[in-house]
Structure formats: C-alpha cells, structure tokens
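Dear colleague,

I am passing on the structure we spoke about, together with some notes on what turned up when I went through it. Please read the notes with the structure open beside them.

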Amino acid sequence: MPEGRGHCACPITSLTLLVSLTRVTLDILQELDPPQPAHWRHHLLLLYKKGVYLSHTGGKLFWVLGLLILCGFLWTRKGKLKIADITDKYIFITGCDSGFGNLAARTFDKKGFHVIAACLTESGSTALKAETSERLRTVLLDVTDPENVKRTAQWVKNQVGEKGLWGLINNAGIPGVLAPTDWLTLEDYREPIEVNLFGLISVTLNMLPLVKKAQGRVINVSSVGGRLAIVGGGYTLSKYAVEGFNDSLRRDMKAFGVHVSCIEPGLFKTNLADPVKATEKKLAIWEQLSPDIKKQYGEGYIEKSLDKLKGNKSYANMDLSPVVECMDHALTSLFPKTHYAAGKDAKIFWIPLSHMPAVLQDFLLLKQKTELANPKAV
C-alpha cells in the first residue's frame, strides 16, 4: 500500500470499525431489552450517528485532498507548456538602450526570435547591434513623438509581412522627478506621464493590428509603484494608469486571441533608478522652493532624505534577469499569466502590502520618510 494511502486509510478503517461495533451493541440491547435507563440507548444512538458522519466526512476529505493535489500538479504543468517554432516569430521591444529592454533584446535574440529593438539614441542602437546577431534589427524611436511612432509601425509592418507581430513589449519608461507633492509643478508630472503612459498607449495602438494578425502577445512593464504610491511625483501616477490600461486592453483583446500581460518589477538597479540623477533633480527643485516650504521641511531635510535614499538603494535587486524571465514566460507559454511580480521584494513585501488595509500601508511607508522640522510653520 502506498504511504499516502496508508495514512488516510487507517483513520477511516477505525471509524468504520467503531460504527460497526456501535450498531452491534444497539442490536444486542434491543434483543435483550434489559431494564437499562433510556439515556444509555440515547447516547449509543448519538455515537452511532456521529460515527457514520465522521466516516463519510473522512472519505470526502480524502477525495478533496486528492483533487487539490491533482489540480496543483496540473496548474504547475500548465505553466510549463511552451509554444513551438519561435524562430519564425517577430517581437518588438521599446527602451532597449539599457536596463530590462537591453537585456531582453539580447536574450530573445539568442533564443532565436526575430527581435526588433527600439532605442532612443544612436549610441544605444550601435552598442546593441554589436552584441547581437545579424537577425536583430534596431530602430530609433521616441515614444512621445506620434509621427515617429506611426512611421516606425509602418516600417515594422514591412519587416514582419504576413506573419504579423507575435510580441509587443512596452518597456520604455523614465522616473521623472521623485519628490514630495508640494515641491512639484504640473510640468514635473507631465514628463513621466507622457513617456510611461501616453507613449505606451501610442505604441500599442499603432502596433495592435500587427499583434492581432499574429494572435500574439502584448506585455506592459509596470511597477510595484503601480500598486503602491511609494513616492511623490508623476512616475507612480503613470504606473497606476498603465495598470488600468493593461486591464481594459486585456479584456478587449480576448476575442481576438491576443494575450495581454503586465509585469510589476520591484526595486532594481538600472539607469531608471540612477541615484546620482535622482539627487541632482531633487537638489534642483529644493533650490527653487519657497522659504515657507523650506522652513516646514528644514534645512537639513534634503541631506537626510538623500542619505535615506542611498540606504534604500542597497536593497535594490542587482540581477535584472527575473524581469526578463517574466517576459519570456509571457511570450512563450501556452498559458501566460495576467500579472507577473518580478523580484523578491515585490513578491514578499510590495505586492502583499498592496492588498493590506490603508492604515497598515501608511504606517510602514511613512516610517521610511524623513521627519519634517516644523510642518506647522506658516
């Protein structure tokens, strides 16, 4: 007898034996009909009924447990099923100068995809071509330029022909200014929203006919900042909006056989999170603040906040491959996920925290902020 069955069978056998003994006892009592108090027969009858119930329940629990184990196995197996013939499929990736996009372009080129990598700069394009095969093509693209996006979409259409575009990976993004809300102007919000949201939407709308033709995949790179407002500025707003666009697009595209996935990376060390650039932007804004705001925050606030920022960067993931692995699964799995959390910090802390009550979120996130010198100063 297998070990698993042995553990389940013993309690069920014992219960069955108990029920049988109770039934025999009741039969003997009815035959003899001794002058026993009525409550004895009542207790034995209750014991018999409970035994029957437990016996049936034990059997049901056994089958439920077996069903759960089977479902878990099938779910795991389902996630490992892959598409075939990736060498005849085209994918388009934005933001390939560095970071996730650059690693993704190199990785998928090695796998055999026909990669079309969009770079913002000529230097980024040249460096990428030097590290990849002749199969990879690059194109210069500013996602905030509508005419540039339209021309690029037409060029991609000529490249892919009747095959269409199997994968669209919207990866391009910028952090913008990361600072307290009352330090910022409307223009500070505009830049990251233009790139991270409207640029992503523009590329998607122009490439969507090609993706529908191939019944392919759209992969939008969001952030844990699309789940939690970790810092002030336009970055978080843009990522919250990307999550909403991703969800509506996913439901609209189901009828066309197009899968839409969203990747939510945690804190990774990329050019996007360059502490030097973030510091320069924050210092520039601090110099422009009114005396009243400077008094509320305190002259030492900027130094303390920058020191805390440096400390937080030590927790950033150095290895970018988890994000590209999520892209790979979304591109090649027969059953891609709708959301991917990338990075241990995202899986263990940020995503679970996003489901917690607001009072707990505020408590934990406010503990990371620098204390103000005199918030009541006018």
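This is a predicted model: local features need pLDDT of at least 70, side-chain atom pairs count only at pLDDT 80 or more; totals for chains, interfaces and linings use all residues.

The protein has 13 helices and 7 strands, and of its 378 residues 42% are buried. Among the contacts between residues at least 6 apart in sequence, 71% join residues that are at least 24 apart.

The sheet

The 7 strands form an open sheet in the order β3-β2-β1-β4-β5-β6-β7, and the pairing is parallel. At its edges stand β3 (137-140) and β7 (339-342), each of which pairs on one side only. Direction ignored, neighbouring strands of this sheet are turned against each other by 15° on average. As a reminder, strands of a sheet pair through backbone hydrogen bonds, either parallel or antiparallel.

Going through some of the pairings, strand β1 (residues 90-93) and strand β4 (residues 167-170) run parallel and are joined by 3 bridges, and the bridge partner of I93 in β4 is I169. On the next pairing in the order, β4 and β5 pair in the parallel sense over 4 bridges, with R217 in β5 as the bridge partner of G167. Between β5 and β6, which also run parallel, there are 5 bridges, and here R217 stands opposite H259 in β6. R217 therefore has a partner on either side, since it is the bridge partner of G167 and also stands opposite H259 in β6, where a pair of strands is counted from at least two bridges.

How well covered are β5 and β6? In β5, 5 of its 5 residues are buried, while in β6 the count is 6 of its 7 residues. In a regular strand the side chains alternate between the two faces of the sheet. For β5 both faces are covered, with R217, I219 and V221 buried on one side and V218 and N220 buried on the other.

Helices on the sheet

Helix α4 (residues 122-130) lies across β2 (114-119) and β3, and runs at about 175° to β3. Helix α7 (residues 234-253) also packs on the sheet, where it touches β5 (217-221), β6 (259-265) and β7, and its direction makes about 160° with that of β6.

The cavity

Rolling a probe the size of a water molecule over the atoms shows where empty space is left. The count comes to 1 cavity of 30 Å³ or more, and the volume of the largest cavity is about 40 Å³. Its lining is made up of T94, V143, N170, N171, A172, V195, G199, L200 and V203, which divide into 5 nonpolar, 4 polar and no charged residues. Helix α6 (residues 186-214) supplies the largest share of this lining, with 4 residues.

Single residues

The C-alpha atom of L205 is separated by 9.7 Å from that of K150, although the two residues are 55 apart along the chain. A278, in helix α8 (residues 275-288), has a relative accessibility of 25% and so counts as partly exposed. Its C-alpha atom is separated by 8.6 Å from that of P175, a residue 103 positions away along the chain.

Two loop residues deserve a look at the backbone. D85, placed in the loop between α2 (38-79) and β1, has a positive phi of about 55° although it is not a glycine, and at 56% relative accessibility D85 counts as exposed. Q215, in the loop between α6 and β5, likewise has a positive phi, near 50°, in a residue other than glycine. With a relative accessible area of 48%, Q215 is partly exposed, because the exposed class begins only over 50%.

With best wishes

Note on methods:
Residues are numbered from 1 along each chain as its sequence is written. Side-chain values use heavy atoms; hydrogens and water are left out. On a 1 Å grid over the protein atoms alone, a cavity is a set of points where a 1.4 Å probe fits but cannot get out, and a pocket is an open set with protein on both sides within 12 Å along at least five of seven lines; lining residues have an atom within 4 Å of a point. Grid points are joined across faces, edges and corners, and a volume is the space filled by probe spheres set on the points. Ala, Val, Leu, Ile, Met, Phe, Trp, Tyr, Cys and Pro count as nonpolar, Asp, Glu, Lys and Arg as charged, and the others, Gly among them, as polar. Axes are lines fitted to C-alpha atoms, for helices over the stretch in contact, and angles run from 0 to 180 degrees between N-to-C directions. Contact means heavy atoms within 4.5 Å. Buried means under 20% relative accessible area, exposed over 50%, partly exposed in between (1.4 Å probe, protein chains only).
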